[in-house]
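I opened my notebook to look through this fold one piece at a time. Here is what I jotted down along the way.

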Amino acid sequence: MNFTLPILQSILANHIDGAVIYKIKDKLHSKGNTVAEQMIYCIHQALARFSQIYGFEYNMTISKRFLEELLCKDQILSEDVLLGILKEIVDLEFGKDELNEWFRLVELTIAEEQLDVLRDYILLQNTKNRQIRAVYPQILTAKPPLPPEEYLDRAESEMILESLNVSKKLVLVNGIGGIGKSTVCRRIFHEISETENRPLAWIVYNDKDLLDDMKKQLFYPKDGKDWEKRFTQFIEQDIDERAIIFIDNVNVTEEEETYLSKLSNAKCSIVCTSRIEKFLHYEIVPIPYFDDEKCIELFYKYYKLEYDEKRIQNIITRAGRHTLVIEILGKIGNAENYSLEELENKLIQEGFDLEGIASVENKEDTLVGHLSRTFNFKKLTDIQKEILYCMAILPVQWIPADLKNWLGLSNSYNIVYLVKHAWFEQREKKYYMHPVVKEVVKRGIQIPKDAVLRLLKGIGDEIVYKDNPDVDKAKLFLSFAEAILDVLSDEKDLVISEVSYHIAVLYSQFGDYDQAKKYIRHCINIEEDGHHSESLLAEAYEHQGYIFYYNYEDAQAEQSYLKSYQVWKKLKNQKHIAALEGNLALLYQGMWTEDKDSANKKNIYLLKARKFQYKSMQRFEHIFKGKLHSNMASAYNNMAVISYSLKEYETAVSYYRKAETIRIRLADKISPGDMSVTYKGLCDSFYEMACECKNSRQKILRYKLALTYLNNAIKIREEEIKKGNQKWEVRQLQEMYVKIEREILSLMEEDKGQARGIFEKNE
């Protein structure tokens with residue numbers, strides 16, 4: 001590789017038009033939430049890694065024009081574009097290996113930095129132009145935490161690596177809970193990520209649904225009805241065969257978790273950690289106990305008070321040479337200032353003796369039982385007990401600081417005390433409780449239901465509906481809420497029904513209507529029995545109708561909407577009544593669309609739709625009394641849609657223009673996508689009016705009006721997509737634009753032909 005210039009101070013001159021240089025230093029360390037911001041961040045981070053590997057410096061300065069040109073590319077991170085970016089910013093001569101490393105680093109950055117907006121935008125482009133390979137991570141997850149500094153190397157690491165590097169693709173890392181299976185695999189993950197160019201994933205199994213865990217945790221497209229089919233094809237055919245997927249804590253059999261069998265067909269390597277002793281097709285790498293020397297070394301990583309070889313040998317023997325137990329005893333002994341004699345006597349008094357128990361099942365139960373007597377529950381305060389129990393019922397993963405107040409960890413004294421006494425770990429404002437310790441806590445602590453409800457309410461507040469939720473964070477809190485609801489499955493409290501409602505709404509946003517149905521039904525059952533809140537019941541009926549509507553279950557949607565309608569009328573809530581009338585109008589219009597070949601059903605459903613939409617529109621006009629409001633614009637827009645369906649195109653245009661006027665004046669308070677919908681409706685209406693028109697000039701005029709509104713709709717959607725809003729379709733609109741242009745040109749050619757004919761005839 002020949003380095004010609006180590007530094008370029010700016011992009012080449014042909015990209016600098018005399019306008020302001022787009023200074024991005026303030027954006028280099030911020031991911032941002034638009035395509036442009038995340039692309040800048042990604043390129044900077046990837047270049048930083050690239051420059052460290054090949055020993056050069058660079059200055060990240062991009063002209064505004066160059067950035068805008070990049071965003072107009074059909075594939076903004078295709079290999080050709082990435083190569084162009086690299087050549088513009090760094091003046092080097094590249095070989096094939098260096099280019100492959102550059103492409104890899106960009107993929108790695110998108111994955112590890114979780115640049116979701118950029119990744120989704122690339123995916124959107126990829127669906128439009130499949131022949132060009134977009135560079136985006138098809139696999140990789142968040143990295144698992146590194147093992148603690150006290151980690152002691154195990155020979156089994158080499159056995160696992162050897163299995164992966166020879167012919168075996170499936171490895172089962174087996175051993176008793178707390179023996180160090182996950183720690184070994186986490187260390188392997190980090191070693192490979194630092195030394196080898198191969199995709200890695202770390203999946204934490206949460207005892208319910210492996211496929212769902214993979215969907216939530218992998219950086220792989222999560223949308224679409226055929227997701228499972230596409231994902232299975234990806235795992236079996238398309239994934240890089242050098243990839244390794246680690247699945248932690250798979251303590252179920254293949255009969256209990258059926259997707260394990262499907263993974264035996266994976267093209268890549270699969271490594272599972274489990275207490276189960278055998279999986280079909282998997283090579284077993286057992287994790288045994290440490291020898292005495294390593295056990296003593298581990299104990300003294302945590303215990304700092306004295307050394308007595310005979311007593312420490314006795315303690316290790318009673319601990320059964322179990323790594324987790326040795327760690328816990330070392331921490332407790334140090335925190336309580338026990339001498340080794342006091343610690344040994346305490347174990348003897350409690351009958352603590354794990355030596356010689358061979359059965360995994362017996363050992364698991366005995367381990368939890370022994371530790372239940374070893375931890376000092378009596379010294380815990382009530383708030384500490386609440387903290388521990390709440391952490392124990394949450395999923396097995398690192399708990400973020402966002403839950404600190406709801407968990408009762410706002411007092412740093414509690415954190416220090418509980419960490420020192422081995423109840424859980426703290427690292428970088430995150431908290432982790434070992435699965436074995438969770439079982440100890442659940443067996444030894446009972447707390448008031450109110451404490452769990454407070455935690456649930458706090459988590460519920462985090463998942464309240466937002467227009468554009470942080471998907472990864474929302475799904476994390478969703479898993480917390482579901483775990484708590486499992487514990488409270490027999491309870492019927494207002495907090496439970498409220499959180500169930502929020503979960504249902506969130507699942508609806510993610511397009512998982514089966515889960516949404518489950519939780520909205522749970523909310524409705526509680527409210528129908530408990531009568532805590534009639535307004536919540538009305539909202540739950542309404543959202544159930546919404547779920548049915550988007551799941552094409554029209555009869556059930558109608559039933560749910562009407563139930564909600566009756567409750568809102570009883571409560572005399574005019575805004576909700578008006579909104580429900582609008583929803584019913586949309587439902588009936590949709591029911592007509594499904595059966596529009598039937599004249600009778602057309603009359604029934606469209607007339608019902610117009611009736612309810614007219615009521616909704618009048619009610620909103622009365623509520624707002626001429627004041628501008630987005631709901632008023634939606635009512636006019638929906639009335640326009642119904643008029644369009646009734647082929648009353650001029651009426652549709654008048655209502656669309658009323659909606660347009662409000663939305664233009666409320667531009668900073670409404671979604672740009674709503675404006676796009678209105679423009680598309682105006683386009684459709686003028687297009688149909690043009691099709692019906694006999695006069696050629698009038699026809700062309702209406703086509704041009706349709707084209708103007710369509711162009712407005714396209715511009716809005718393209719801008720929204722660049723900002724990270726992936727829900728808007730633009731390709732069909734672009735195709736329609738070309739179609740209308742051709743029809744205008746054809747009509748103009750006809751007019752010219754007719755004019756020539758008349759002229760020739762006159763001559």
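Predicted model: local features only at pLDDT ≥ 70, side-chain atom pairs only at ≥ 80, totals over all residues.

Strand β3 (residues 170-174) runs parallel to strand β6 (residues 269-274), and five bridges join the two. I picked valine 173 and looked up its bridge partner in β6, which is threonine 273. A reminder to myself: strands of a sheet pair through backbone hydrogen bonds, in either a parallel or an antiparallel way.

Next I wanted the whole sheet. In what order do the five strands of the open sheet come? I read β4-β5-β6-β3-β7, and the pairing is parallel.

Helix α7 (residues 181-195) lies across β3, β4, β5 (244-248) and β6, and its angle to β4 is about 155°. Helix α8 (residues 210-217) lies across β4 and β5, at about 125° to β4.

My last stop was helix α14 (residues 340-349). Which of its residues are buried? I found Leu340, Leu343, Glu344, Lys346 and Leu347. Looking down the axis of α14, I saw why they line one face of the helix: these buried residues fall within an arc of 155°. After α14 comes glycine 351, and its phi is positive, near 70°.

Notes:
Residues numbered from 1 in each chain as written. Heavy atoms only, no water. Buried < 20%, exposed > 50% of the residue type's maximum accessible area, 1.4 Å probe, protein only. Helix = DSSP H or I, 4+ residues; strand = E, 2+ residues; numbered from the N terminus. Arc of directions from axis to C-beta. Pairing = 2+ DSSP bridges. Contact = heavy atoms within 4.5 Å. Axes fitted to C-alpha atoms, helices over the stretch in contact; angles between N-to-C directions.
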